[in-house]
Amino acid sequence: MKVLVPDDLGVKTLETSTNLEAVRYEPGQPWPARHRDATVVVVGYESAAAVGTRFVELPDLRLVQTLNAGYEQWLPYLPDGVILSNARGAHGGSSAEWVVAVLLAVYRNLNLFTEQQSRGVWLARNTETLIGKRIVVLGAGDLAVNLASRLGPFEAEVTLVGRRPRLGVHGFDDIDRLLPGADVVVAMLPADESTRHIIDSTFLANLRDGALIVNVGRGSAVDTDALLVELTSGRLRAALDVTDPEPLPQGHPLWSAPGVLLTPHVAGSTAGAWERAWEIAHHQIGVYAGGGLPPNLVPGTGAR
């Protein structure tokens, strides 16, 4: 089975399978002329329009495999009959690690002690703690499950909220009831119309003073203007790895807003991240090549 891959690591990873032929392509460039009979295309996070609009030039394309858990940007370009599989499981651990890191940084006031260090000031003081914090996680997939497992040893109380209620998971309908008791809300949501600005002014108003908003999913989940009002007043705090807009332009008020910790979409950017993504992609493609459906199949794709 012929597979078009966007980097050399993909070629190296897939060449270990005797039934897969990995061919390198350049995102934004024409497909390799002699390989338009490819059955699978592997895609990264970026260049969705440049790559996706050319899927129709591959008459034998049957599977698009992403290297990220996020996949919504590829849906508009998916030809009829082509299925989509994502890399769920590749970045959940590292993204959860980022959330734990920022929670500890905020609650243990590490920015203050770093600033004191820069001035040569030894001044002890008490801080908040993660112990006993009530954390509501919007999302119940791989990222959320990874986060819950990492927060358990910190004696934090974690509540998962998904689109539908199930064992151990609340439904979105329960959000309003959960917010007043939350110390932290962590957004780990994909970008679609149902999640756009789910954290709006009404949502924020339901939170207690001093609550912390953490976004490690997609920037569009948070109404930036509404969050800025709460940050500027000093009532709420935030830690954001993703923003709306993104990248955050120079001069945007989020840069200087009080009580916010910003990182430039790096929660999953760790050593070995792409190796993990390719191993998962390799497995998904291998299952498909063997006649099965990829375990990470995106529901509803390929049915048109």
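**Exercise 1.** Over the ring of which residue does the charged end of Arg 54 sit?

*Solution.* In this predicted model, the charged end of Arg 54 is placed over the ring of Trp 31, at 4.3 Å from its centre. A separate contact of this kind involves Lys 133, which lies over the face of Tyr 107 at 4.6 Å from the ring centre.

**Exercise 2.** Find the aromatic pairs and classify each of them by the angle between the ring planes.

*Solution.* Begin with the cut-off, under which two rings pair if their centres lie within 6.5 Å; by this rule there are two aromatic pairs. Take Tyr 25 and Trp 31 next: their ring centres are 5.1 Å apart and their planes stand at 65°, so this pair is edge-to-face. Both Tyr 25 and Trp 31 are buried. Then turn to Phe 55 and Trp 74, whose ring centres lie 6.0 Å apart with the planes at 35°, so that pair is tilted. Because Phe 55 belongs to the loop between α2 (48-52) and β4 (63-66), while Trp 74 belongs to the loop between β4 and β5 (83-85), the pair ties together parts that are 19 residues apart in sequence. Phe 55 and Trp 74 are likewise buried.

**Exercise 3.** Describe the span of helix α3 (residues 92-107), and state how many of its residues are buried.

*Solution.* Helix α3 has 16 residues, and from its first C-alpha to its last it reaches 23 Å, which is close to the 22 Å expected at 1.5 Å a residue. As to burial, 13 of the 16 residues of α3 are buried, and the helix is therefore described as mostly covered. Following α3 comes Asn 109, which has a positive phi, near 55°.

Note on methods. Residues numbered from 1 in each chain as written. Predicted model: local features only at pLDDT ≥ 70, side-chain atom pairs only at ≥ 80, totals over all residues. Heavy atoms only, no water. Helix = DSSP H or I, 4+ residues; strand = E, 2+ residues; numbered from the N terminus. Expected span 1.5 Å × (residues − 1). Buried < 20%, exposed > 50% of the residue type's maximum accessible area, 1.4 Å probe, protein only. Phe/Tyr/Trp six-rings, centres within 6.5 Å; stacked < 30°, edge-to-face > 60°. Lys NZ or Arg CZ within 6 Å of the ring centre and 35° of its normal.
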